[in-house]
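Subject: Structure handover

Hello,

Here is the structure I promised to pass on. Please open it and keep it beside this email while you read.

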Amino acid sequence: MAGVTNDLAPTTSGPGAGPLTIGFDLDMTLIDSRPGIKAVYDALVAETGVPIDTDLVVTRLGPPLDEELANWFPAEEIPAMGDRYRALYPDYAIAPTPAMPGALDAVAAVRGAGGRPVVVTAKYGPNARMHLDHVGIDAEVRGWLWAEAKAEALVEWGASIYVGDHVGDVRGARKAGALSVAVATGPCDAGQLREAGADVVLDDLTQFPAWLASYRSAAA
C-alpha cells in the first residue's frame, strides 16, 4: 500500500492478548483541531492583549497546553491562562473542528473487527469528550496524558495498538508495549515518526481500515 511502512510482524502476545483494544490520539489524528484552537487563542489575544502568533501555535499541536502557553506568558500567569483557555474552549473550539479524513471509518473498522476503540489525549478530558460527541465518535476517553504518560491508560485498557500523529504518541505506545501506528497528518512528518520508532506509518487514517484488515489477517 502506498504511503505505508510496516516493519513489525503481527503478534498476539503482550498487551491486547485478550479482546482487541486500539487507542487513538485526538488532535490531528481523529480531529483537525486547528480552527478551534486558533479561535480560542484569538479570544485570549483579545482579552489579554498579548500578541500570540495563533497561526504558529496551530502548527505544533500535540504537547500539553502549558508548554505552549509558556511561549507567550510569564510562568506565574500560566495556571490562570490555562484555566481561562479551558473555560473559553467549549464556546470557541468545538463547532469549527471537523473529524480528520478517515477518522470515522477507522473507528468503525475497530468495532467491525470486534474491538474497542479508546482515545488517549493530552487534552483536558471534558473538552475531548465534547469533540468526540460533536463529530460522532463513540469511544472511551482519557485526558491529560502526554507522551510516555499515555502508557498509563494504554496498559490499563490493554491496548495492543496506539494510533497517533506525534513522536510523543510513538513514545507512549512503545512504553506501553503497544504497536505504534503513526499517521503523518500532524506536526511530525513521516521521517520523524519513523525515526522516533513508529512500527507503521500511514499517510492518514483513510489507509487505516485496509491496514488493520491486513494486520489481523497476518496475525490469524
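**Before you start**

This is a predicted model, so local features need pLDDT of at least 70 and side-chain atom pairs count only at pLDDT 80 or more, while totals for chains, interfaces and linings use all residues. Residues are numbered from 1 along each chain as its sequence is written, and side-chain values use heavy atoms, with hydrogens and water left out.

Start at strand β2, residues 21–24. Helices and strands here are DSSP runs, numbered from the N terminus: a helix is H or I with at least four residues, a strand is E with at least two. (Buried means under 20% relative accessible area, exposed means over 50%, and partly exposed is in between, using a 1.4 Å probe and protein chains only.)

Next, look at the partners of β2. Two strands pair if DSSP finds at least two bridges between them. β2 pairs with strand β3 (residues 116–120) through four bridges, in the parallel sense. There, G23 stands opposite V118. β2 also runs parallel to strand β5 (residues 161–164), with three bridges joining them. F24 has V163 as its bridge partner in β5.

**Aromatic rings**

How many aromatic pairs does the structure hold? There are six. (Rings of Phe, Tyr and Trp, taking the six-membered ring of Trp, pair if their centres lie within 6.5 Å; planes under 30 degrees apart are stacked, over 60 edge-to-face, and the rest tilted.) One of the pairs is F24 with F208. Their centres are 5.7 Å apart and their planes 65° apart, an edge-to-face pair. F24 is in β2 and F208 is in helix α10 (residues 208–219), so this pair ties together parts that are 184 residues apart in sequence. F24 counts as buried because its relative accessibility is 0%. F208 is buried too, with a relative accessible area of 0%.

A tilted pair is formed by Y85 and Y89, at 5.6 Å centre to centre and 50° between the planes. These two tyrosines lie four residues apart in helix α4 (residues 78–93), so about one helical turn separates them. Both Y85 and Y89 are buried.

Now go back to F24. Ring pairs link F24, F208, W211 and Y215 into a cluster.

**Charges over rings**

A charge sits over a ring if NZ of Lys or CZ of Arg is within 6 Å of the ring centre and within 35 degrees of the ring normal. The charged end of R142 sits over the ring of W157, 5.1 Å from its centre. The charged end of R86 sits over the ring of Y124, at 6.0 Å from the centre.

**Salt bridges**

Side chains of opposite charge can pair when their charged atoms come close. Searching the whole structure gives 16 salt bridges. (Each is a side-chain nitrogen of Lys or Arg within 4 Å of a carboxyl oxygen of Asp or Glu.)

One of them joins K150 to D25, with the closest N and O atoms 2.9 Å apart. K150 lies in helix α7 (residues 150–157) and D25 in the loop between β2 and α1 (34–48), so the bridge ties together parts 125 residues apart in sequence. Both K150 and D25 are buried. A network of salt bridges links D25, K150 and D169. K150 has contacts (heavy atoms within 4.5 Å) with residues including V120, L145 and Y162.

R86 meets D83 in a salt bridge as well, at 3.2 Å from N to O. The two are three residues apart in α4, so about one helical turn lies between them. R86 is buried, with a relative accessible area of 18%.

D32 and R34 form another salt bridge, at 2.8 Å from N to O. D32 is buried at 14%. R34 counts as partly exposed because its relative accessibility is 37%.

**One histidine**

Last stop: H166, in the loop between β5 and α8 (167–176). H166 counts as buried because its relative accessibility is 11%. H166 touches residues including L61, W146 and C188.

Best wishes

Terms used:
Lists of a residue's contacts leave out its neighbours within four places in sequence.
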